[in-house]
Amino acid sequence: MILVNTDYISGKELETLSLVKGSTIQTKNIGRDIAQSFKNLVGGELKSYNEMMNEARALATKRMVEEATALGADGIVNIRYASAAVMQGAAEVIVYGTAVKFVNK
């Protein structure tokens with residue numbers, strides 16, 4: 001499966017199949033949330049939240065690829081990510097793109 005954020009895949013003629021997406025809502029445990037709140041006082045990277053967002057993007061991408069695979073897609077073009085805070089310490093990540101099939105493999 002080829003994943004790109006462009007509207008083409010070099011050297012391939014594409015047939016559009018469908019919009020595909022994946023999403024997840026992730027949170028860290030309360031202990032880590034309290035520890036990270038102290039970072040607000042001194043500044044610096046919130047590594048626990050960074051890890052949480054990386055895990056969320058990976059899971060959302062996996063779900064999008066599974067949806068595209070079920071359609072028989074060879075790739076996904078125009079991939080975009082969005083995120084939003086759902087509540088303190090929890091974030092939703094959604095990824096979407098257009099599933100495509102190669103016309104001439």
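**Notes on the model**

1. Ile25, Val86 and Met87 make a nonpolar surface patch of about 310 Å². Areas come from the Shrake-Rupley method with a 1.4 Å probe, and for residues only the protein chains shown count as cover.

2. Met87 sits in strand β3 (residues 75–87). Its relative accessible area is 57%, so Met87 is exposed (over 50%; buried is under 20%, partly exposed in between).

3. A word on provenance: this is a predicted model, where local features need pLDDT of at least 70, side-chain atom pairs count only at pLDDT 80 or more, and totals for chains, interfaces and linings use all residues. Residues are numbered from 1 along each chain as its sequence is written, and side-chain values use heavy atoms, leaving out hydrogens and water.

4. Mean pLDDT (the predictor's confidence in each residue, from 0 to 100) is 86 for the chain, with 83% of the residues scoring at least 70. Please read helix α1 (residues 30–42) with care: confidence is lowest there, at a mean of 54.

5. Thr61 lies in helix α2. Thr61 counts as buried because its relative accessibility is 14%. Beyond its neighbours within four places in sequence, Thr61 is in contact (heavy atoms within 4.5 Å) with Leu3, Tyr81 and Val95.

Definitions and conventions. Helices (H or I, at least four residues) and strands (E, at least two) are DSSP runs, numbered from the N terminus. Buried means under 20% relative accessible area, exposed over 50%, partly exposed in between (1.4 Å probe, protein chains only). Patches are made of residues with over 30% relative accessible area and no salt bridge: like charges are joined within 9 Å, nonpolar side chains (Val, Leu, Ile, Met, Phe, Trp, Tyr) within 5 Å. A salt bridge is a side-chain nitrogen of Lys or Arg within 4 Å of a carboxyl oxygen of Asp or Glu.
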